[in-house]
Amino acid sequence: MPIAFAAFFVLLHQKLIVMSQSNIITGQYVQINQSPASIGERIFGRLIDLLVLFCYVGSMSYLMNRYHPDFMGEWITVFVIILPFVLYTFLCESFNHGQTIGKKVMHTRVVNVDGTVPTMGASMIRWLMLLVDLWMTSGLGVLFIIFSKNNQRLGDLAAGTMVIKLDDYKKMTVSLDEFNYVSRNYKPVYPQAQQLTQQQIAVIEQLLHGSSSYDEKKIRNLSLKIQQLLDIEPQEDSDIKFLVTLLHDSYYYSIEIL
């Protein structure tokens, strides 16, 4: 028995220190790696969510008791207190891009195992399986997170999802988009990309891919300068997507010229 406990804690220690990786093969046969959130990050995220929920229930109960003393047992209790408490995880992950408040604080997010955004159905399965992972089995989901390859609890395995680091997700999203220009049906968005010099292209590449994180201020400044220089009205909703699209278009025109 002592040996079994020792082995368990060794495996747990390794899980907390060494991040496993999930490999994704894109349609263009490019491999992208993403790191699952650790057991520690997921537990702290859950604790933050529970703290938020208890603060909400406590504050709402206080207000209801003060202004409507007979609220207990009435239908308003269900809609104001009980339903938000029960549906919190499902609603947050469905309408907040896979993030609860706890996940946002811990910089993690729920995604499908292929890196795409989970559907509402997948979020529903994860939410329903919380009953098994957390409440009905006294935390059985924690063991699955520790010993599964991608740190997935039962709800993740059933829904085909996983929880990953947000920074890795942002980097992976751009990386997945990075190779779309090589597809046969790719259509350039900005003809002005032909005017970019090799030095300007190199500056964009360095800013987008030169480090593991993004300097949003520099990206914003570069995006504005290029828009003014080439007289472009961006069609994307972010500066990163605009620069990536412009880079793809420049690659496309370079290939066409060759």
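Residues are numbered from 1 along each chain as its sequence is written. Because the model is predicted, local features need pLDDT of at least 70 and side-chain atom pairs count only at pLDDT 80 or more, while totals for chains, interfaces and linings use all residues; side-chain values use heavy atoms, without hydrogens and water.

**Overall make-up**

The protein has 11 helices and 4 strands. Helices (H or I, at least four residues) and strands (E, at least two) are DSSP runs, numbered from the N terminus. Of its 258 residues, 40% count as buried; buried means under 20% relative accessible area, exposed over 50%, and partly exposed in between (1.4 Å probe, protein chains only). Among contacts (heavy atoms within 4.5 Å) with a separation of 6 or more, 67% join residues 24 or more positions apart.

Axes are lines fitted to C-alpha atoms, for helices over the stretch in contact, and angles run from 0 to 180 degrees between N-to-C directions.

| Helix pair | Axis distance | Angle |
|---|---|---|
| α2 and α3 | 10 Å | about 175° |
| α3 and α5 | within 9 Å | roughly 155° |

The angle between α2 and α3 makes them roughly antiparallel, a label for angles over 145 degrees. In this contact R46, D49, L53, Y56, V57, M60, S61 and M64 of α2 meet I76, V80, I81, P84, F85, Y88 and T89 of α3. By class these are 11 nonpolar, 2 polar and 2 charged residues. Ala, Val, Leu, Ile, Met, Phe, Trp, Tyr, Cys and Pro count as nonpolar, Asp, Glu, Lys and Arg as charged, and the others, Gly among them, as polar.

Helix α3 (residues 75-95) also packs against α5 (residues 120-136), and these two are roughly antiparallel as well. On the α3 side the contact includes V86, L87 and F90, and on the α5 side M120, W127 and L130 are among the residues. The contact has 8 nonpolar, 3 polar and 2 charged residues.

**R42 in helix α2**

R42 lies in helix α2 (residues 39-67). R42 is buried, at 13% relative accessibility. Leaving aside neighbours within four places in sequence, R42 touches A37, R126, I145, N151, Q152, R153, D156 and V163.

**Cysteines**

The structure holds 0 disulfides; a disulfide is a pair of cysteine sulfur atoms within 2.5 Å. C55 is partly exposed, with a relative accessible area of 49%, whereas C92 is buried, at 19%.

Key
Parallel < 35°, antiparallel > 145°, perpendicular 65-115°, else oblique.
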